[in-house]
Amino acid sequence: MNPNVDDYIERHPRWQKELTQLRTLVLASQLTEDWKWRAPCYTLNNKNVVMIAAFKNDCVLSFFKGPLLKDPDSLLTAPGENSRTFRVVRFTDAKQITKLKSKLKFLIDQAIEVERSGKQLEASKGPDEFPAELQTKLQEDPNLKQAFEQLTPGRQRAYVMHFAAAKQSKTRTARIKKFTPRILDGKGMNDCVCGLTQKPPGCDGSHNKK
């Protein structure tokens, strides 16, 4: 058990019971508890499988390769309209977790098997989704290439969409240059870099209150 997760749960009194239940459920599997993006992350052979997190209106159990899971009860939802990989189950009451315990275990066990099998989500293809400027930069900078490939698929896609949205090549190049330090630091476009957010890994603007 990771002490950072103990602190995380204590910092979210509204969802302590729910987070503790989810943590216990995940730890009963073969996953290892880790601490990434300032939130509890559970891994298999150092590969990210699931996360738990608390937000203002709910807490969630997140699956990194959600679309590859069988979901007969339709528990999984996409956290955003552009989410191609992550799928989450949302909770507002500990009783929900208790009621769904066997079904959540089924999803967790599936996620483990998917990771163990080496299955990958198919990347979206299209000329505007991976701009030439980014391809060139990654070829020129092995460190950047490695850092980019280590980002979660969702974070990669967010960067690609942002870079490709620029109409002019010089603007795409400028955007890539601007976000290169963040990519090298293992951060997504909207991840917190100040360490003050209460909604990891995203930034909730807490730094503006200091």
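Two strands count as paired if DSSP finds at least two bridges between them. The model shown in these views is predicted.

**View 1. The five-stranded sheet.** The sheet is open, and its five strands follow the order E1-E2-E3-E4-E5 with antiparallel pairing. Strand E1 and strand E5 (87-91) are the edge strands, each of them pairing on one side only. From one strand to the next, the twist averages 25 degrees. Helix H1 (residues 3-10) lies across E1, E2 and strand E3 (47-54). The angle between H1 and E1 is about 65 degrees.

**View 2. The hairpin of E1 and E2.** Strand E1 covers residues 32-36 and strand E2 covers residues 39-44; the two run antiparallel and are joined by five bridges. Lys36 has Ala39 of E2 as its bridge partner. Two residues lie between the strands of this hairpin. Trp37, in the turn, has a positive phi of about 55 degrees.

View 3. Glu33 is found in strand E1. Its relative accessible area is 10%, so Glu33 counts as buried, the cut-off being under 20%. Two polar contacts of the Glu33 side chain are shown. One runs to the backbone nitrogen of Asn2, at 2.6 Å. The other, of 2.7 Å, joins the side chains of Glu33 and Tyr42. With neighbours within four places in sequence left aside, the residues in contact with Glu33 are Met1, Asn2, Val5, Arg23, Leu27, Cys41 and Tyr42.

View 4. Strand E4 (residues 59-63) pairs with E5 in the antiparallel sense, over five bridges. Cys59 has Phe91 of E5 as its bridge partner, and Phe63 stands opposite Arg87 in E5. E5 is an edge strand that pairs on one side only, yet it is mostly covered, with four of its five residues buried.

View 5. Cys41 is among the residues in contact with Glu33, while Cys59 is bridged to Phe91 in E5. A disulfide is a covalent bond between the sulfur atoms of two cysteines. Zero disulfides are found when the whole structure is searched.

**View 6. Helix H6 and the helices that cover it.** In helix H6 (residues 142-150), the buried residues are Leu144, Ala147 and Phe148. These buried residues line one face of the helix, because they fall within an arc of 100 degrees when seen down the axis of H6. An α-helix has 3.6 residues a turn, so residues three or four places apart point the same way. The cover over the buried residues of H6 includes helix H5 (132-140), helix H7 (153-164) and helix H8 (169-184). Pro142 and Gln150 are exposed, on the face of H6 turned away from its buried side.

**View 7. The start of helix H6.** A side-chain oxygen of Asp141 comes to within 3.1 Å of the backbone nitrogen of Asn143 at the start of H6. Also shown is Pro142, one of the exposed residues on the face of H6 turned away from its buried side. Leu144, by contrast, is one of the buried residues of H6.

Note on methods
Residues numbered from 1 in each chain as written. Predicted model: local features only at pLDDT ≥ 70, side-chain atom pairs only at ≥ 80, totals over all residues. Heavy atoms only, no water. Buried < 20%, exposed > 50% of the residue type's maximum accessible area, 1.4 Å probe, protein only. Arc of directions from axis to C-beta. Contact = heavy atoms within 4.5 Å. Polar contact = N/O pair within 3.5 Å; in protein donor to acceptor, adjacent residues only side chain to side chain. Disulfide = S-S within 2.5 Å. Axes fitted to C-alpha atoms, helices over the stretch in contact; angles between N-to-C directions.
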